[in-house]
Amino acid sequence: AELTEQLAQDEELRQENERLRGLLDLKGTYDLDGVAARVVGRSSNAYSQTVTIDVGENDGVDTGLTVMGSTGVVGQVIATTGSTATVRLLTDPGSGAGAIIQSSRAEGVVRGSLDGLLYLEAVDADVVVNVDDLVVTSGLGGSYTRGLLIGRVVKVEGSPGDATRRIVVSPNGTAGALEEVFVVKSPVADDAQGGDQ
């Protein structure tokens with residue numbers, strides 16, 4: 001019984017180490033300044049995709065800051081206390097992020113939905129959008145740090161010129177899967193974000 005318990009603890013530590021290494025890799029890739037945090041609470045309301053994290057104002061975390069999981073943007077800080085913050089996930093029906101399709105540079109807005117999917121909206125009807133196109137934050141409107149991965153196009157319903165086409169983007173994380181996140185305070189160097197544009 002003790003051995004089984006020890007193996008379970010070791011596996012938990014290994015998985016946590018892997019997730020934290022992913023966050024560190026992300027921080028280095030984007031040259032970001034910020035703070036790592038643990039998810040300590042989740043909304044139980046189906047209409048509200050939020051998580052609570054264990055950092056807040058005392059750690060320099062403020063409303064409006066971008067929050068990333070190990071594979072990219074997952075949400076934004078919407079409220080803080082001294083020691084915690086509430087993060088609205090991109091999958092929340094009330095969320096929205098200015099976005100760019102990386103290959104074509106076409107702009108749009110990624111919005112969450114009740115079904116937990118991300119939809120890329122407001123893309124010009126004549127823009128060709130393909131499955132596997134990467135979608136990154138545009139930084140327009142100042143709501144999210146520019147140039148960070150939002151997700152990948154996984155489905156396009158309709159064709160160019162069709163005003164009713166639906167573009168589905170894979171989310172980087174869901175409330176149930178997130179355990180650790182990285183709160184972006186700022187890019188370390190702004191020109192690092194503009195260098196590959």
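Which side chain meets that of E121 in a salt bridge? In this predicted model, the partner of E121 is R111, at 3.2 Å from N to O.

**View 1. R38 and E180 form a salt bridge.** Their closest N and O atoms are 3.6 Å apart. Because R38 lies in strand β1 (residues 32-42) and E180 in strand β12, the contact ties together parts that are 142 residues apart in sequence. E180 is buried, with a relative accessible area of 7%, whereas R38 counts as partly exposed at 41% relative accessibility.

**View 2. A network of salt bridges links K155, E157 and R166.** Between K155 and E157, the closest N and O atoms are 3.2 Å apart. K155 is partly exposed at 42% relative accessibility, and E157 is partly exposed at 32%.

**View 3. The largest nonpolar core contains 23 residues.** L90, V110, L120, V123, V129, V135 and I150 touch the most other members. Strand β6 gives the largest share of this core, three residues. Contacts of V129 include I101, V123, V153, V156, R165 and I167. Another core, of 17 residues, lies apart from the largest one and has A37, V51, V61 and V181 among its members.

**View 4. T50 is a buried residue of strand β2.** T50 has a relative accessibility of 13%, and residues in contact with T50 include R42, S43, I78, T86, V87, R88 and D92.

Terms used. Residues numbered from 1 in each chain as written. Predicted model: local features only at pLDDT ≥ 70, side-chain atom pairs only at ≥ 80, totals over all residues. Heavy atoms only, no water. Helix = DSSP H or I, 4+ residues; strand = E, 2+ residues; numbered from the N terminus. Buried < 20%, exposed > 50% of the residue type's maximum accessible area, 1.4 Å probe, protein only. Contact = heavy atoms within 4.5 Å. Core = buried A, V, L, I, M, F, W, Y, C linked by side-chain atoms within 4.5 Å. Salt bridge = Lys/Arg side-chain N within 4 Å of Asp/Glu carboxyl O. Lists of a residue's contacts leave out its neighbours within four places in sequence.
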